[in-house]
Amino acid sequence: MSELHAELVTTASRHLRDTLGLSLEYTPDHAAIVLSDTQCELTDIIAEAYGDVLPDATHELFYLIKTPELLAMFEELVAGDLVALVQSTNFRIESFRIRVELMKRGIKVIEHASLARMAPHEMATYVDSLAYDPAYYRGIGSALKARLDVATRAVVEGAGARLVFESPFEPAKLNTGDYRHLNTVGGMYPIGEVFTEAQDLARVSGTVRIYVFSDLEFRVNTATPPITMVIDDGQVIDVQNSVPVFDAVLDQIRHDEGSIMVRELGFGLNRAFSPQRLVGDIGAFERVCGVHLSLGAKHGVFKKPGLRHKQTRYHIDVFPVTDKVWIDDAQVFADGAWRP
């Protein structure tokens, strides 16, 4: 074991102990199962950290346990018990969606997915992203939601570009590790996000400079210099300074959906990530402290008339250079930090 490996296990243990205690409010009088694999070093690090934090838990390698045995273990769990999934890719059991099915039964689930997408030099960033500061996440998240839920307008500015949302917003959703008033406890980690979208999607227009975007395999891609994306009536109408990978994404959306809609407006809160501190998995980097948008007609949370779920296919995250954000007349983002 290298010195860095040991240091990351120690740091991850500290963060996970805080997360389990302060966020999930898990107590050791309940049972716990940790499922992991050994397909990448980051998975090993997180699994070892759970070994430190949950020494009395049942620790199993997913690929060595047969499905009937695993389902039997799940059947023995009761509400308040815990399952941690530490995955280089994603664990799948036919017709059994592990996190969803367990959470329906009141079982707490914390899921780390696609860890193999992180390069070795990104492991420390991912571990740092697991830190849980309840005062920060709950305070900033609640303040942003309060503003968005009554707002009639928002503006995102960065690198000379300006995107305007001239519409009230859907009720904002929080991913801040506060489950006290929710029916389920846990989810995908790392956390740190407030997200919404315009009630009237056609009332979104302007330009943004995209410095990171997801490809169709949900991997982080960077653009230097940033790509200029022009939006009118809630749709992408022009792209400048693009790159072939981004063009391929847009072509696929346009081919399958007919146009390229802009839907989600996401405010990432996780201070471990930044334009200078990237990780390869878009699902993790989505929490970066700043703004992200989604391209494509698909959104699993917000329903819009005329957009049937089965007919929408794409939800592709893009990250604009963000210097300032306004909600109505209040400036809520500046100098790389939220200040609602």
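Biologist: Hi! In what sense do strands β1 and β3 pair?
Modeller: Strand β1 (residues 32-36) and strand β3 (residues 82-86) pair in the parallel sense, over five bridges. Two strands pair if DSSP finds at least two bridges between them. The bridge partner of I33 is V83 in β3. This is a predicted model, where local features need pLDDT of at least 70, side-chain atom pairs count only at pLDDT 80 or more, and totals for chains, interfaces and linings use all residues. Residues are numbered from 1 along each chain as its sequence is written, and side-chain values use heavy atoms, leaving out hydrogens and water.

Biologist: What is the strand order in the open sheet of five strands?
Modeller: The order is β2-β1-β3-β4-β8, with parallel pairing. At the edges are β2 (58-61) and β8 (186-188), each pairing on one side only. Strands (E, at least two residues) and helices (H or I, at least four) are DSSP runs numbered from the N terminus.

Biologist: Now β10: how many of its residues are buried?
Modeller: Eight of the 11 residues in β10 (residues 204-214) are buried, meaning under 20% relative accessible area with a 1.4 Å probe, protein chains only (exposed is over 50%, partly exposed in between).

Biologist: And which strand does β10 form a hairpin with?
Modeller: With β11, leaving five residues between them. F218 in that turn has a positive phi of about 60 degrees. Eight bridges join β10 to β11 (residues 220-232), and the two run antiparallel. V208 stands opposite M229 in β11.

Biologist: What about β15 and β10, parallel or antiparallel?
Modeller: Antiparallel, over three bridges, with β15 covering residues 316-320. Here F213 faces V318 in β15. β6 (residues 161-165) also pairs with β10 in the antiparallel sense, over three bridges, and V164 stands opposite S205 in β10.

Biologist: Changing topic: which residues of α6 are buried?
Modeller: They are Y136, Y137, R138, I140, G141, L144 and L148. The helix α6 itself runs through residues 134-148.

Biologist: Where does R271 lie relative to Y136?
Modeller: Over the face of Y136, at 3.5 Å from the ring centre. A charge sits over a ring if NZ of Lys or CZ of Arg is within 6 Å of the ring centre and within 35 degrees of the ring normal. Y136 also forms one aromatic cluster with Y132 and Y137.

Biologist: Last one: why does C40 count as buried?
Modeller: Because its relative accessibility is 16%. C289 counts as buried too, because its value is 12%.

Terms used:
Phe/Tyr/Trp six-rings, centres within 6.5 Å; stacked < 30°, edge-to-face > 60°. Expected span 1.5 Å × (residues − 1).
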